[in-house]
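The questions below take one chain as a whole and then turn to a contact between chains. Please keep the sequence and the structure in view while reading.

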Amino acid sequence: MPYDIVVLAKQVPDTKRVTGDAMKEDGTVNRAALPAIFNPEDLYALELAIEVKERFGGSVTCLTMGPVSAAEVLREALYRGADRVALITDRRAAASDTLATSYILSCAVTHAAPYDIVCCGRQAIDGDTAQVGPQLAQKLSIPQVTYVSDVEEIAGSLIRVRRHTDYGMQVVEAPLPALLTVTDKAPEPRYPAMKRVMKYKKAMSPAEAEARGLPSPMGDMLIETWDLDTIGADIERCGMAGSPTKVKRIQSIVLTGSGYHEVQPTQEGIEGLVHELIEDHTIG
Amino acid sequence: MGNFFTDNEDLMFQFDFWGPGELADLKEHGYAEAAEYDFAPEDTADAVENYRKALEVVGGIAADFIAPRAEAVDREGHQLQAGRVCYNPGVVDNLRRLAQADLMGFTLPRRFGGLNIPTFVYSLANEIVSRADASLMNIFGLQGIAETINAFASDELKNEYLPRLASGELTGAMVLTEPDAGSDLQRVNLKAREAENGTWLLSGVKRFITNGCGDVLLVLARSEPEESGGLGLSLYLCERQDAIQVRHLEDKLGIHGSPTCELEFHDAAGYLIGERRRGLVTYTMALMNGARVGIAAQSVGIAEAAFREARAYAHTRTQFGRTIEEFPAVADLLVDMKTRLEAARSLTCDASRIMDIDIILQEQLEKGGIEGDVARELKQKQRRYKRLAAFMTPVSKYYASEIAVSVASDAIQILGGSGYMKDYPVERYWRDARIAPIYEGTSQLQIVAAVRGVTSGVAEGYFKEMDMDFERPLVGLSKKLRAMRSELARCVSFAKERGSDYTDLYARDLVDIAIDILIGYHLLLQAQHSRKKLAMARRFIPRALREARRRSANITSGDMAVIKDFLLLAGAPSSQEA
C-alpha cells in the first residue's frame, strides 16, 4: 500500500564551521559568515521518507520555510528523490518562534494534504529546540513519535517504528497519519543521484528565475512558492505577532580555562561540587 | 562533510585547464539528446556543470563514506566460502552508495542508463575514489568492461547487460591472465568450443583476476585451436554460473579491498563478443587502453593521499625545536613529491582527453554520412589522435604508477618510524601503490610501447604543437625545452643506428627525457594561468634539462655491457632447490 509522506526541512547555518565572525555585535547569528546547509537531521528524515517510498510506494513532498535562498534545500531534496517540493516564504513570517513556526507549518502540511506520514528531523542545529516537530503534531491533531531511528513495518494504517533514546531502544506503534521526528541514528542519508542532479539543477522558484532574468519555470522545474495566504494562515498567529517567546538578552560566551581546583573523591567532595554547580546555575 | 574534489585545488585547476567544454561538444553531437532525456545537457555550459557536479558527488562519497572504511577493508579483506566470494561489508556499502548516486555507468550512453560523461572526467573520478581507497577503484574503475560490450557486442547483449551494469546491479571483470600468459597474452590457452545453440563452452584456468567473482566476465579464450598466436583468440561474455568456480582468493601485499581470484571454467557457457579471432588484437587492446589510463588515475589518487599525509605531518612534527618542514632536506622532498604528483595528474588528464577525442572521432567515422574533404580531414585527425593516444596512454600509466610508489615511499620516509607503523595510513598507500607499475602491463612494457612514439616522431610532433610563442617570463624556459628536444633527437638517431636491442636497452632513458619535456610543456602552458605552476616550471625545467643531458650521455655512450656481459655482471642464478 502506497504512503504519501511530507518531509519538513530547514536551511541552517553550518554551525560546525563557526569562526570568529559567526556572531554579530548584537549577539545574533551572522548568517552571511556561515555556509547554509540542509539541517543534518532533516536529511535523515528525508532518507527515512525515501526509503519508505522505495519499500511501499507512494510519494515524498518536501517543504521548507525560509527566505528565497532556502530553495537550495529543496533542490537538494529533489536530487535525492523527493517528488514534489514547496517553499513557504513570506516576510510576515519573519521572527516566528517555535509556536508560530509550527502553526505556519501545520497550515502548509494541511495545504499539501493528503498525507499519511510527516517526517521531521528531531531538531535544527541553529536553534536546537526540538520543539517544532512535537508542536506541529499537536496542531495537526495526529500522534507523534519522537527520536525515530527506523521504520520497522507499515501495515494498513498502522506504523511500527523504533525509537532510539538515552535509555535504550523502544518499539512503538502508531495509527496513521502520524508525525515522526528522526535522529541521526536512522539510516545514513544517501548522496544526490546524478541523473536527478542533471535534471533538477535547473529547478527554481519564480523569484529565483526573476532575479536571474530567466522566464518563469514550468512543470517539473518549478519550485512552488507558498505565502501565508496560499496556505490559509491566520496572520495574527504568525511572525512576531504570533510569537510569545521574547529574547531577553543574548550573550556571547567565550569559554576560557582559568585555573582549576581539585575535588576530593569523597562523599563530601562530590556534594560540595554539586552544590557549587547548582549555585552558579550550571545544573539544576 | 568533506569533499575530495572541492578540497583539491590542483584537481579543480586541471579540470578547467583541459577544456571539458570542447570534449562535451564532441561527446554530445549538437546536444540532440536534450530532447529525449530530461537529464541530458542543453549546451556546453550545462554539460560542464554536470561534469563538475558529478565530481562533487564522487568527492563527497569518497570523503564521507569510502575513506573512513578504507582501513577496515584493508585489514579484513574479503572471504571465500564454498567457491563464492563474500565481499567485505564496507565494500558492499561503498558500491551501494555509488550505484545509488547513478555513478556506475559514468561513460555509457544514456540509452543504456549511463551518464555519457567523457573518459577525462571519469579519470578524475577514478582518482578521487582511489585517494579514498585505491582498492575500490578496481571495482568502480572496471566500467571499461561495459564500454567494451557497448563498442563491440551485439545489440542483444548490450540490451541485456548494459542497463544492469550502469545501475550497479551487476559488476564485471576482465578475465585475461593465465598462469602461463601474463604480459604475453598471445599464449592464452583457455579453450572455447562452439555449442550447438550458438553459445560457446569455455574450459580452463584463469589467474590473478581482479573482481573475478563479478557477475559479468569478459573472457579471452582460444577459439581456434590450430592457431597458436593472438589471432586464435576470441572474447566471450560469461555470466557468473556454477560452471565457473573461484578456486582461490589471492593473499596480496596491498589493494586488499579488491578481490583477486583464480577461476576454473568447466564448460562454462559464454557468448561471443563481436567476431572470432579479434578477441586479443582488437577488443582486448581497446579494453586495455582504457584500463591503463584508469591505473594512471588510481596511481595519482594514491599519491595525492600519501602526499597530504606527509605534508600535514611535516607541518606539525617538531624535532630539534623546529617543525620538520623547516629542514631543507624535508622541504626538498616535499616539493619533489608535489611536483611529481601534479605532473602525473596533468599527464593522466591529457592522455584521457586524447583518448576521448580518438574514440569520438572513430565513432563519427564509423557512423558514416560524411564524405569528401570533410571525411578526409576527419580521418586524418583521427589517425593523428590514435597515434597520440598510443603514445600518451603508456606514458601516463608508466609515469603515474612509478611516482605513486615513490611518493608513497617518500611519505613513509617523512613520517619516519610512525610511517612504518600501521597506525598511519602511509604504509597502506605504499602497499596499494606497489601493484600499479605491475598490472595492466608492467612499466617495462609501457616503456616498450612509449618508446615507439619517441622514435617515430609522434612525441616530437606533439611537443611542436605545444610549443607556442611563449611570452616573458616563459621564453627562457621554453628555450630550455627546445634544447631538451634537440638532445632527445640526437639520442634517438644514435640509438636507431645501433639497432633495436640498443634502443630497448636505453628505452627507459629515452622515454624519461620525453616525459620530462611533456611535463615541461604542460607546466609552461599552465603557468599562464597559475603562479604556482610558474614557480614549479622555474624549478623543474632547468633541472630536467640537466637530467636530460645526463641521460643523453648514457644513451650516446654506446655501452652495451648489460647485453654483452650479462652473465658476468648479473652472475649465474642460484641453483633451484630440489
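Q: What percentage of the 578 residues of chain B count as buried?
A: This is a predicted model, in which local features need pLDDT of at least 70, side-chain atom pairs count only at pLDDT 80 or more, and totals for chains, interfaces and linings use all residues. Residues are numbered from 1 along each chain as its sequence is written, while chains are lettered from A and ligands numbered from 1 in the order in which they are written. A residue is buried if 20 or more other C-beta atoms, placed from the backbone, lie within 10 Å of its own. By that criterion, the buried part of chain B is 51%.

Q: What radius of gyration does chain B have?
A: The radius is taken over C-alpha atoms, and the globule rule is 2.2 Å times the number of residues to the power 0.38. For 578 residues a compact globule would be near 25 Å, which agrees with the value for chain B, 24 Å.

Q: Which element gives the largest share of the side of chain B that touches chain A?
A: Counting residues as in contact if their C-beta atoms, placed from the backbone, lie within 7 Å, the contact takes 15 residues from chain B and 10 residues from chain A. Two helices (DSSP runs of H or I, at least four residues, numbered from the N terminus), α3 (44-76) and α4 (89-100) of chain B, are the elements that give two or more residues to that side of chain B. The largest share, 7 residues, comes from α3(B).

Notes. Buried ≥ 20, exposed ≤ 12 C-beta atoms within 10 Å, placed from the backbone. Contact = placed C-beta atoms within 7 Å.
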